[in-house]
Amino acid sequence: MADETLVEGDLGWMLGASFRGYAKAAGHVLGGIPGGPRGYQLLTEATSDTPANQGTLAQRLGIDRTVLTYLIDDLEKAGLVERHPDPADRRQRRIVATAKGRALREDRHTALRTMETHLLAVLGDDAGTFQALLCTLARHLNSADHHLDLCTLAEDLERSSPTPR
């Protein structure tokens with residue numbers, strides 16, 4: 001294709017371009033939630049039957065603990081979540097969605113799925129396969145042990161690459 005650029009074969013470019021497009025569309029759909037897409041993700045986790053504590057949420061969502069605290073504060077001020085003592089460890093707090101938070105999350109979930117269907121329509125029948133593969137990749141990259149694997153891979157590549165002149 002004449003319009004293609006060399007960078008289009010680069011995974012980083014593909015992921016970045018896809019993320020930027022998704023983030024822009026999701027920002028419009030989720031704009032009323034404090035923290036936008038991150039706030040929505042936290043609100044989704046807070047609607048779980050067994051809400052997680054802040055440490056678990058930070059790891060699961062890939063959000064720095066300090067930033068997460070401010071995000072929870074904003075969602076709490078909006079009346080969308082509450083902090084409850086963790087029965088297993090009262091020093092920890094579980095983040096639980098309020099009735100208002102559950103209703104907002106359900107409303108935005110429906111709107112978000114409609115937007116995602118529109119964005120993925122270009123893939124036709126492959127959209128479901130794409131989502132399943134991307135989920136597998138995301139879970140793998142988000143796992144705690146994977147960071148060590150990537151570091152080892154980077155070190156191995158550095159050792160095996162010729163030194164640039």
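Visitor: What share of the 165 residues of the chain counts as buried?
Guide: This is a predicted model: local features need pLDDT of at least 70, side-chain atom pairs count only at pLDDT 80 or more, and totals for chains, interfaces and linings use all residues. Residues are numbered from 1 along each chain as its sequence is written, and side-chain values use heavy atoms, leaving out hydrogens and water. Buried means under 20% relative accessible area, exposed over 50%, and partly exposed in between (1.4 Å probe, protein chains only). Of the 165 residues, the buried share is 25%.

Visitor: Which pattern does the chain follow along the sequence?
Guide: Helices are DSSP runs of H or I with at least four residues, and strands are runs of E with at least two, numbered from the N terminus. The chain has 7 helices and 2 strands. Read along the sequence, the pattern is α-α-α-α-β-β-α-α-α.

Visitor: How is α1 placed relative to α2?
Guide: Axes are lines fitted to C-alpha atoms, for helices over the stretch in contact, and angles run from 0 to 180 degrees between N-to-C directions. Helix α1 (residues 11-30) and helix α2 (residues 36-46) pack at about 65 degrees, with axes 8 Å apart. Angles of 65 to 115 degrees count as roughly perpendicular, under 35 as roughly parallel, over 145 as roughly antiparallel, and the rest as oblique. Therefore α1 and α2 are roughly perpendicular.

Visitor: And how is α1 placed relative to α5?
Guide: The axes of α1 and α5 come within 10 Å. They cross at roughly 150 degrees. So α1 and α5 are roughly antiparallel.

Visitor: Which residues of α5 does α1 meet?
Guide: Contact means heavy atoms within 4.5 Å. From α1 come Tyr-22, Ala-25, Ala-26, Val-29 and Leu-30. From α5 come Arg-108, Ala-111, Leu-112, Met-115, Glu-116 and Leu-119.

Visitor: In the largest nonpolar core, which residues touch the most other members?
Guide: A nonpolar core is a set of buried Ala, Val, Leu, Ile, Met, Phe, Trp, Tyr and Cys residues joined through side-chain atoms within 4.5 Å. This core has 24 residues. α1, α2, α3 (54-61), α4 (65-77), β2 (89-97) and α5 (99-120) each supply at least two of its residues. The residues that touch the most other members are Leu-30, Leu-42, Leu-68, Leu-75, Val-81, Ile-95 and Leu-112.

Visitor: What is the relative accessible area of Thr-44?
Guide: Thr-44 lies in helix α2. Thr-44 is partly exposed. Its relative accessible area is 24%.

Visitor: What distance separates the C-alpha atoms of Thr-44 and Glu-106?
Guide: Along the chain, Thr-44 and Glu-106 are 62 residues apart.
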